[in-house]
Amino acid sequence: MRQGEHIFEIYGKNGNSIMRGHVGLEQNKAVTNWHYHLKYDNFVDHHEQILLRHRSLPNWGTPN
């Protein structure tokens, strides 16, 4: 994953982008930072940041 990777984009009725979702890897590489940007601040500020620790992800298909 690249730093600040673009994940999704939402467009308004006029076809212009109004919201962009990104995910980034924190410096310790053990946490991902999920957030979105809005058009009204020219996509500069990070809104509603969610930090997800990698160790908290489910370990699918592995024995307990």
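Two strands are taken to pair if DSSP finds at least two bridges between them, and strands themselves are DSSP runs (E, at least two residues) numbered from the N terminus. On that basis, the bridge partner of Tyr36 in strand 4 is His47. This is a predicted model, in which local features need pLDDT of at least 70 and side-chain atom pairs count only at pLDDT 80 or more, while totals for chains, interfaces and linings use all residues. Residues are numbered from 1 along each chain as its sequence is written, and side-chain values use heavy atoms, with hydrogens and water left out.

**Confidence**

- The protein chain has a mean pLDDT (the predictor's confidence in each residue, from 0 to 100) of 82, and 78% of its residues reach 70 or more.
- Confidence in the protein chain is lowest in strand 4 (residues 47-53), with a mean of 87, and highest in strand 2 (residues 17-25), with 91.
- Where pLDDT is low, the predicted coordinates should not be read in detail.

- The 4 strands form an open sheet in the order 1-2-3-4, and their pairing is antiparallel.
- Strand 1 (5-11) and strand 4 stand at the edges with a single partner strand each, so one side of each is left without a neighbour in the sheet.
- From one strand to the next, the twist averages 15 degrees, where axes are lines fitted to C-alpha atoms and angles run from 0 to 180 degrees between N-to-C directions.
- Strand 3 (residues 31-38) and strand 4 run antiparallel and are joined by 5 bridges.

**Side-chain contacts**

- Thr32 lies in strand 3 and counts as buried (under 20% relative accessible area) because its relative accessibility is 7%.
- The side chain of Thr32 makes a polar contact with the side chain of Trp34 at 3.1 Å; such a contact is a pair of N or O atoms within 3.5 Å, one able to donate a hydrogen and the other to accept it, and residues adjacent in sequence count only if both atoms are side-chain atoms.
- The charged end of Arg20 sits over the ring of Phe43, 3.8 Å from its centre, the criterion being NZ of Lys or CZ of Arg within 6 Å of the ring centre and within 35 degrees of the ring normal.

**Positive phi**

- Asn42, in the loop between strand 3 and strand 4, has a phi near 60 degrees, a positive value in a residue other than glycine.
- Asn42 is exposed (over 50%), with a relative accessible area of 60%.
- Glu48, which is placed in strand 4, is a residue other than glycine with a positive phi, near 50 degrees, and Glu48 is exposed at a relative accessible area of 60%.

Notes
Buried < 20%, exposed > 50% of the residue type's maximum accessible area, 1.4 Å probe, protein only.
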